[in-house]
Amino acid sequence: MAPGGTALKAEPHSDIRTRTMRPVDLVHLANQCLGDEALELEVLRLFDTTLRDYYGRLKVAGSFDDLTLVLHSIKGAAGGVGAWAIADLAKAMEHEIRNGCPLTPERIDDLGLVVEDVRNFIGRMVANEAV
C-alpha cells in the first residue's frame, strides 16, 4: 500500500518495448558487451558483415526452409546487438511465411531499407563519426 493507506494501481503490462531512435540501441549493445567499447565496435563490424551476407542470402532463398532459417538468423543477430527495427521486421516476416503468406520481393525490399539504414549507422560508428 502507498502512504496514507491507498493501494497503488498497477500499470497494465505491455509487450511493446520502448525503442531507441537510433538504428542500434547503444545502451543494449553496451550491456551486451559489458561496457567494453572496443568490443562494441568489433561486434558492430561482425554484425555488419552478418547483415550483408544474410540479406544477400534472403534475396536468393528459394525454399521455405531457407527463408525461415535466414530470417531467424537475421532476427537473432539483430536482437543481440539491439537493432530492433530489423529484429521486429524479420520476426514479422518469419511469422507471415510460417502462416502461409508468400514473401514478396517488396517485403524483402522493406527489410533491405532497414538493413541499409543500420549498416550506414554502423559505418559511421566504426569510422568514429558523431551519431
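The structure is a predicted model, in which local features need pLDDT of at least 70 and side-chain atom pairs count only at pLDDT 80 or more, while totals for chains, interfaces and linings use all residues. Residues are numbered from 1 along each chain as its sequence is written, and side-chain values use heavy atoms, with hydrogens and water left out. The protein chain has five helices and zero strands, where helices (H or I, at least four residues) and strands (E, at least two) are DSSP runs numbered from the N terminus.

**Overall organisation**

- Along the sequence, the pattern of the protein chain reads α-α-α-α-α.
- Of its 131 residues, 31% count as buried; buried means under 20% relative accessible area, exposed over 50%, and partly exposed in between, with a 1.4 Å probe and protein chains only.
- Among contacts (heavy atoms within 4.5 Å) between residues at least 6 apart in sequence, 63% join residues at least 24 apart.

**Packing of α2 and α3**

- Helix α2 (residues 37-60) packs with helix α3 (residues 64-81) at an angle of about 160°, and their axes are 10 Å apart; axes are lines fitted to C-alpha atoms, for helices over the stretch in contact, and angles run from 0 to 180 degrees between N-to-C directions.
- The two helices are therefore roughly antiparallel to each other, on a scale where angles under 35 degrees count as roughly parallel, over 145 as roughly antiparallel, 65 to 115 as roughly perpendicular and the rest as oblique.
- The crossing of α2 and α3 is left-handed, a term that applies if the near helix is turned anticlockwise from the far one by less than a right angle, with clockwise giving right-handed.
- From α2, the residues V43, F47, T50, L51, Y54, Y55, R57 and L58 meet L67, V70, L71, S73, I74, A77, A78 and V81 of α3.
- The residues of this contact of α2 with α3 comprise 13 nonpolar, two polar and one charged; Ala, Val, Leu, Ile, Met, Phe, Trp, Tyr, Cys and Pro count as nonpolar, Asp, Glu, Lys and Arg as charged, and the others, Gly among them, as polar.

**Packing of α4 and α5**

- The axes of helix α4 (residues 84-98) and helix α5 (residues 105-126) come within 10 Å and cross at roughly 165°.
- α4 and α5 are therefore roughly antiparallel to each other, and their crossing is left-handed.
- On the α4 side the contact is made by A85, I86, L89, A92, M93 and E96, and on the α5 side by R107, I108, D110, L111, V114, V115 and V118.
- Ten nonpolar, no polar and three charged residues make up the contact of α4 with α5.

**Individual residues**

- H28 lies in helix α1 and is buried, with a relative accessible area of 19%.
- Not counting residues up to four places away in sequence, H28 touches G79, G80, V81, G82 and W84.
- L34 sits in the loop between α1 (26-32) and α2, has a positive phi near 55° although L34 is a residue other than glycine, and is exposed at 78% relative accessibility.
- A77, in helix α3, is partly exposed at 24% relative accessibility.
- Leaving aside neighbours within four places in sequence, A77 is in contact with F47 and T50.
- The C-alpha atoms of A77 and A87 are separated by 7.9 Å, with the two residues ten apart along the chain.

**Cysteines**

- A search of the whole structure finds zero disulfides, a disulfide being a pair of cysteine sulfur atoms within 2.5 Å.
- C33 is buried at 5% relative accessibility, whereas C101 is partly exposed at 41%.
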